[in-house]
Amino acid sequence: MALDSTEGSLKERGVRLTRQRQILLELIDRTGAHLDVEQLYRMAKERDPKINRVTVYRTVKMLKSGGLVDELDLMHYEGDQHYYETRLKQEHAHVVCLRCGRVEEFFGEPLQRLRKQIESHFGFQILVARTEVGGYCAHCQTLRAREVQAVRHDAESAAKAPGGAHTRRAHTRPE
Ligand SMILES: [Zn+2]
Ligand SMILES: [Zn+2]
């Protein structure tokens, strides 16, 4: 259903939907995931072995400028990478774990409320809003607590050992 409306708006814009473009659009639309160009390329290749990277890049660019997909950087968790998702999903915030890279989507009324508040506060008409939150997921918080403990434990035993922690660090970690 969602895909039909995407195709409709493409036709309105006079964009011809070739088979390969169709494959890419379907992938972005139906997976509902946040895919980078490389992932898209690999998935598309399974459906059409003749598809090439250039087509993937061009199509993504076209879908983006046509307002059909959103480009995200997800807190730059993996560097300069960009990720794409369909614009047809309801507005949501991305909650990114900066340790494991897990991405959660937060849907909810507070986002709409924030949008309205910003619009009335600045007399602004919002066309696009992107909310990203970075931090540690529950799982990674546990792991981090363990790591901190382990580091502390190491430091304590190093301090007790002959030679002490300071001299050892100075040798192993030149700045
Ligand atoms: Zn995590
Ligand atoms: Zn999303």
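Four bridges join strand E1 to strand E2, and the two strands run antiparallel. Within this pair, Asp70 stands opposite Glu85 of E2. The model is predicted. Strand E2 is covered on both faces. Tyr83 and Glu85 are buried on one side, and Tyr84 and Thr86 are buried on the other. In a regular strand the side chains alternate between the two faces of the sheet.

The loop between E1 (69-72) and E2 (83-86) contains Leu74. Met75 has its place in this loop as well. Leu74 has a positive phi of about 45 degrees, although it is not a glycine. For Met75, also not a glycine, phi is positive at about 60 degrees. Most residues other than glycine have a negative phi.

The overall confidence of the prediction can be stated briefly. The mean pLDDT of the protein chain is 85. A value of 70 or more is reached by 85% of the residues. Over residues 167-175, however, the pLDDT is below 50. Beyond near neighbours in sequence, this stretch has two contacts in the model.

The protein chain has seven helices and five strands. From the N terminus on, the elements run α-α-α-α-β-β-β-β-α-β-α-α. Of the 175 residues, 14% are buried. Among contacts with a separation of 6 or more, 47% join residues 24 or more positions apart.

An open sheet of three strands has the order E4-E3-E5. Its pairing is mixed. Strand E4 (103-107) and strand E5 (131-135) stand at the edges. Each has a single partner strand, so one side of each is left without a neighbour in the sheet. Neighbouring strands of this sheet are turned by 25 degrees against each other on average, direction ignored. Strands E3 (residues 92-97) and E5 run parallel and are joined by five bridges. His94 stands opposite Glu132 in E5. Strands of a sheet pair through backbone hydrogen bonds, either parallel or antiparallel.

Val103 is found in edge strand E4. Which residues does Val103 contact beyond its neighbours within four places in sequence? The contacts are His34, Leu74, His94 and Val96. Leu74 belongs to the loop between E1 and E2. The C-alpha atoms of Val103 and His34 are 8.6 Å apart in space, although the two residues are 69 residues apart in sequence. Val103 counts as partly exposed, with 18 C-beta neighbours inside 10 Å.

Helix H3 (residues 37-47) has a buried side and an exposed side. Leu40, Tyr41 and Ala44 are buried. These residues lie on the same side of H3, because they cover an arc of only 100 degrees around the axis. An α-helix has 3.6 residues a turn, so residues three or four places apart point the same way. On the other side of H3, Glu38, Arg42 and Glu46 are exposed. Helix H2 (19-31) and helix H4 (53-65) are among the elements that cover the buried residues of H3.

The largest nonpolar core has 17 residues. Those with the most contacts inside this core are Leu24, Ile28, Leu40, Ala44 and Val56. Helices H2, H3 and H4 and strand E2 each supply at least two residues. The largest share, five residues, comes from H2. Leu40 and Ala44 are also two of the buried residues of H3. Leaving out residues up to four places away in sequence, Ala44 touches Ile23, Leu24, Leu27, Ile51 and Val56. In soluble globular proteins, nonpolar side chains tend to be buried together.

Key: Residues numbered from 1 in each chain as written. Chains lettered and ligands numbered in written order. Predicted model: local features only at pLDDT ≥ 70, side-chain atom pairs only at ≥ 80, totals over all residues. pLDDT = per-residue confidence, 0-100. Contact = placed C-beta atoms within 7 Å. Buried ≥ 20, exposed ≤ 12 C-beta atoms within 10 Å, placed from the backbone. Arc of directions from axis to C-beta. Pairing = 2+ DSSP bridges. Axes fitted to C-alpha atoms, helices over the stretch in contact; angles between N-to-C directions. Core = buried A, V, L, I, M, F, W, Y, C linked by C-beta atoms within 7 Å.
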